[in-house]
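Please study the sequence and the structure before working through the solutions.

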Amino acid sequence: MDKFSSIFLEPESKKLVYLTSNKIEDITQETLDKKFYKEEVSYIPVFKSIKGQHLGTFSRKKYFLLKLKRKRFNPFEILDDKIHVVDLNDNLFDVLKRLKDSSGLILKINGEHKKFISPRTVSNSFEHYTSKIILIESIEIKIREIIKKYKINFIDSLKIKNQHHKNNNDELKGVDDLTFFDYNLIFNDNWDNLKFLNLVSKSDFLVNLNVVSQYRNDLFHFRNKLDFEEKPFKYLIKYLTY
């Protein structure tokens, strides 16, 4: 993915509740009453078909206000004209801008209207994203503490793969410049000197470190391709806590 897309929001988006009709005026009050009561949703979009034209979206709030005012049922009066359709591959920044002026968006996946994006969707998505970042950060902090405490000569370890220079220039890397790829090289090369890890399988440790590195890359590039699990993090934190 070469841009941040609404794929980031898809896991937390709600399954779309909708109606199909050739015309808005064909939706009866009885149909709408039953749908809102059964599904307990705030918005019900109407399409000509699951892949067809979006005719409009009914707002429960507007519908209830209409009833409170005891006005005659008119489907056009309870439409929310700010509910738009976005595609799974649309730019995330653009989607968030559109949501800023709306109560929700319809998410189209592979040509079909599939899910509903609400402000809560965004909040939950970023909450989960942040929790994963914190886990990764906790691993990185512990690794750097160990490198400093044991005064590991990591430059020699990085020279094995010509990874010792900072930003492809002659300046050598400092601890804060190290990456997860670097950590793998460093632990592999200095394993015998890290006595507190004697009871740990070197191969298991490096495999878990590599998994965390893959999670990190998937997360920071918004790829959302890997099933995130806490197990490798718990494993590393357990043995890095000396």
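The model is predicted, so local features need pLDDT of at least 70, side-chain atom pairs count only at pLDDT 80 or more, and totals for chains, interfaces and linings use all residues. Residues are numbered from 1 along each chain as its sequence is written, and side-chain values use heavy atoms, with hydrogens and water left out.

**Exercise 1.** Determine the strand order of the open sheet of 3 strands.

Solution. Strands (E, at least two residues) and helices (H or I, at least four) are DSSP runs numbered from the N terminus. Two strands pair if DSSP finds at least two bridges between them. E2 and E3 (residues 43–47) run parallel, joined by 2 bridges; Leu19 has Val46 as its bridge partner in E3. The order is E2-E3-E4, with mixed pairing. Strands E2 (19–20) and E4 (54–59) are the edges, each pairing on one side only.

**Exercise 2.** Identify the β-α-β unit that includes helix H3 and give its handedness.

Solution. Strand E5 (residues 84–87) runs parallel to strand E6 (residues 105–109), with 4 bridges between them. Val86 is partnered by Leu107 in E6. With helix H3 (residues 92–100), E5 and E6 make a right-handed unit: with the strands pointing away from the viewer, the path from the first strand over the helix to the second runs clockwise.

**Exercise 3.** Describe the pairings of E7.

Solution. E6 and E7 run antiparallel over 5 bridges, and Ile106 has Phe116 as its partner in E7. The two strands form a hairpin with 2 residues between them, where Asn110 has a positive phi of about 50°. Strand E1 (residues 14–15) also pairs with E7 (residues 112–117), antiparallel over 2 bridges; Lys14 is partnered by Phe116.
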